[in-house]
Every structure is written in structure tokens, then in C-alpha cells.
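The structure is shown first, and the reading follows.

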Amino acid sequence: MYVEIGCRVLLGTVLLAAAVGKVSGRDAYREFTRSVRDMGYRPAGPLAAAVVATEFTAVVLLAVFPLAGFLASGALLLTFTAAIVANLRRGGGTCRCFGRTTAPLGRHHVWRNAFLVACAVAGALAPAGAVRPGEAVLAGAAALAVGVLVVMLDELRYLFGAASRT
């Protein structure tokens, strides 16, 4: 049960941050739409809107109907992973995964998404059981912390990469 709680919180955190980051302002949404176009996907406007709507929908499903949320999250993340791999094969692109960074796409984005897909699978397959409130809070807090680290992956890579070069 704690695996399910942790996976719900982790995926919800990541997908909510992704959706909010993309719509946090006109410029953020415009840049996200441009990145969709630059990655070769058309029509970029409707696709960008569908991505954001699906991210928000998955967050709501994780909160209300967990199994549906895990399935939606997993499908969405698999789609993102396929798009990233296709773009890496064509020479790259920019990650606007969370709306604000301009980091080039890399293999670490594929690994990040594989980890998140694994969380969706683990959450969907986690057995139901009795929950102790204190332990549930602990599982949720740990998952929230991991979710924040996942969201900050590009910034952390830059920070530690820049620190090791000085």
C-alpha cells in the first residue's frame, strides 16, 4: 500500500510540475509549443494543448482513481520517451519538459522516464492493504522529495557539472 501511495505522490508531483511549468505564463507555453514544433511534431499548437491537458488529467486520476491514473501516466510517459528517443536519433532537441529549462535532450531524459514508467507499473501492481497514517505520511513525503529531484534533474546536472569543471 505504501508503494502505491509513494508512486501516486511521485508521479503526481512530476506531472503537476510539468503541466504547471508549461502554462506558467504566455512565454512558457509559447516556448513549449515551439519545442514541440522544433521536435518535428505537427500541428504543434493542438499537440501542446493535448500534452498539458493529459498531464493535468493524469494528476487528477492519480488522486481520485489511482489505477486509471497509473495507466494514463504510464502511457503518457511511454509516449514522451518514444518522442525523446526519436529526436535523439535525429540529432537532439530541447527539453521543455517542465516548461522552463532549455537543456538539450539526452539519454538521461530517457532513463528518467523509464524510472517514472516503472513507478507507474509498480503503483498499478502494488497490493492493497491497511495503512498506518504515520507511515503513509512518511511514504508520501519521501516520494515528494524524490519527485522534486526528478523535476530538477536538468538543473542538478548543470549545477554539479559546472561545479566539477571549476
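## Salt bridges within and between helices

A salt bridge is taken here as a side-chain nitrogen of Lys or Arg within 4 Å of a carboxyl oxygen of Asp or Glu. In this predicted model, the count by that rule comes to 7 salt bridges.

One of them joins the side chains of Asp27 and Arg30, with 2.7 Å from N to O. These two residues of helix H2 (residues 26–38) are separated by about one helical turn, because they are 3 residues apart. Asp27 is exposed, at 53% relative accessibility, whereas Arg30 is partly exposed, at 40%.

Glu55 and Lys22 form a salt bridge whose closest N and O atoms are 2.5 Å apart. This pair links distant parts of the chain, since Glu55 lies in helix H3 (residues 44–64) and Lys22 in helix H1 (residues 2–22), 33 residues apart. Both Glu55 and Lys22 are buried.

A further salt bridge is formed by Arg96 and Glu31, with the closest N and O atoms 3.4 Å apart. Arg96 sits in the loop between helix H4 (66–90) and helix H5 (107–125), while Glu31 belongs to helix H2, 65 residues apart. Salt bridges with shared partners join Glu31, Arg34 and Arg96 into one network. Arg96 is buried, with a relative accessible area of 13%, and Glu31 is partly exposed, at 25% relative accessibility.

## Annotated transmembrane regions

An unreviewed UniProt entry lists residues 56–89, 110–130 and 136–156 under "transmembrane region". In the model, residues 110–130 are 76% helix and 0% strand, with end C-alpha atoms 35 Å apart. Residues 136–156 are 95% helix and 0% strand, and their end C-alpha atoms lie 28 Å apart.

Notes. Residues are numbered from 1 along each chain as its sequence is written. This is a predicted model: local features need pLDDT of at least 70, side-chain atom pairs count only at pLDDT 80 or more; totals for chains, interfaces and linings use all residues. Side-chain values use heavy atoms; hydrogens and water are left out. UniProt positions are given in the numbering used here, feature names are shortened, and annotations may be inferred rather than shown by experiment. Helices (H or I, at least four residues) and strands (E, at least two) are DSSP runs, numbered from the N terminus. Buried means under 20% relative accessible area, exposed over 50%, partly exposed in between (1.4 Å probe, protein chains only).
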